[in-house]
Amino acid sequence: MDVANIKALYEEQGYLSSLSVLSAEELQKARDAFAELERKHGEEYTAYSLHNIHMECDWVMALAKHPKLLEVVTAALGPDVLLLDSRFICKYPVTKKRQNNAIINHCDGKKEADANEKDGMPFVAWHQDMKYWGFDGGPVLSVWLSLDDSLEDNGALQVIPGSHRSGLLPHYQSKRAGNMLSVNQEISDFLLVETKKAVLCPLLAGQMSVHDGLLVHASDQNTSNRRRCGYVIRYVPTCTYPIQDLERPRTFPATVLVSGFDKYKHFSKQSFNV
């Protein structure tokens with residue numbers, strides 16, 4: 001797909017998926033390096049707390065600057081791009097709950113067990129990324145670079161195509177336990193009349209999806225016996241700038257120019273500690 005087609009499809013849908021990035025060798029090196037982090041920190045930490053480690057680990061920075069990845073990012077955002085923020089997100093299988101509930105396998109008991117198994121398991125509620133980013137002047141593009149196969153049963157990304165054209169929607173406190181969003185918010189069900197149009201975005205390990213910061217998206221619990229791990233990277237054009245927004249307090253201590261030139265230097269002064 002050429003640059004013009006990437007940009008046109010991205011602007012129309014608000015997302016692109018199943019884009020190949022890593023070779024088999026690159027993928028294995030990344031998985032081995034991540035396994036070292038799991039051994040060092042433990043799975044409870046690596047599930048969500050590996051934040052902005054592109055500033056510490058050369059192999060992570062190499063992922064964020066991968067030529068195949070940046071080819072898509074610059075086609076969507078233009079040639080001058082900043083890496084704004086990054087984080088690894090892992091949904092680990094909850095095997096003990098599954099084993100305990102598996103003994104209930106008859107009629108209504110089976111349904112109750114399935115419901116209990118999912119109760120409190122990590123998921124990501126319907127939301128828009130821009131709700132959590134205090135900046136203006138340009139869009140944000142989010143990448144999910146998959147270290148594992150990301151399929152329906154282990155909680156693959158779901159999106160509502162075209163929802164990025166609806167603007168920023170109200171978000172409210174989630175009533176469900178297990179929401180991985182840091183402030184436990186979600187777009188209420190009554191606003192989501194379009195969820196019937198939701199599309200699953202399965203990925204093979206080494207592939208990526210990208211989506212606009214206003215695209216409504218979510219992911220369900222991991223009900224499989226496999227990990228679902230990905231590297232989430234946020235990119236913005238250099239024309240964007242941080243703002244003081246009490247609704248979206250955020251600092252940006254780990255921005256990196258990954259393509260082109262930054263004539264604005266909007267993120268070089270960290271005086272927006274709201």
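## Model and confidence

This is a predicted model, in which local features need pLDDT of at least 70 and side-chain atom pairs count only at pLDDT 80 or more, while totals for chains, interfaces and linings use all residues. Residues are numbered from 1 along each chain as its sequence is written, and side-chain values use heavy atoms, leaving out hydrogens and water.

The chain has a mean pLDDT of 84, with 79% of residues at 70 or more. pLDDT is the predictor's confidence in each residue, from 0 to 100. Residues 96-117 fall below 50; this stretch has 15 contacts in the model beyond near neighbours in sequence. Residues 270-274 are also below 50, with 14 contacts beyond near neighbours in sequence. A contact means heavy atoms within 4.5 Å. Where pLDDT is low, the predicted coordinates should not be read in detail.

## Aromatic pairs

The whole structure holds 6 aromatic pairs. Rings of Phe, Tyr and Trp (its six-membered ring) pair if their centres lie within 6.5 Å; planes under 30 degrees apart are stacked, over 60 edge-to-face, and the rest tilted. W133 and F252 are stacked, at 6.3 Å centre to centre and 25° between the planes. W133 sits in the loop between β3 (124-127) and β4 (135-136), F252 in the loop between β13 (241-242) and β14 (256-259), so the pair ties together parts 119 residues apart in sequence. Helices (H or I, at least four residues) and strands (E, at least two) are DSSP runs, numbered from the N terminus.

W133 is buried at 3% relative accessibility, and F252 at 2%. Buried means under 20% relative accessible area, exposed over 50%, partly exposed in between (1.4 Å probe, protein chains only). F252 also pairs with F267: the centres are 5.3 Å apart and the planes at 85°, so this pair is edge-to-face. F267 lies in the segment after β14 and is buried. Elsewhere, F34, W59, F88 and Y231 form one aromatic cluster.

## Charges over rings

R87 lies over the face of Y48, 4.1 Å from the ring centre. R228 lies over the face of W144, at 4.0 Å. The criterion is NZ of Lys or CZ of Arg within 6 Å of the ring centre and within 35 degrees of the ring normal.

## Helix α2

Helix α2 (residues 24-41) has 18 residues and should span 26 Å; its end C-alpha atoms are 26 Å apart, which agrees. The expected span is 1.5 Å times one less than the number of residues.

Buried residues in α2 include L27, A30, F34 and L37. The helix's buried residues pack against α3 (43-46), α4 (58-64), β2 (81-91), β5 (141-146) and β12 (228-237). Just after α2, G42 takes a positive phi of about 90°.
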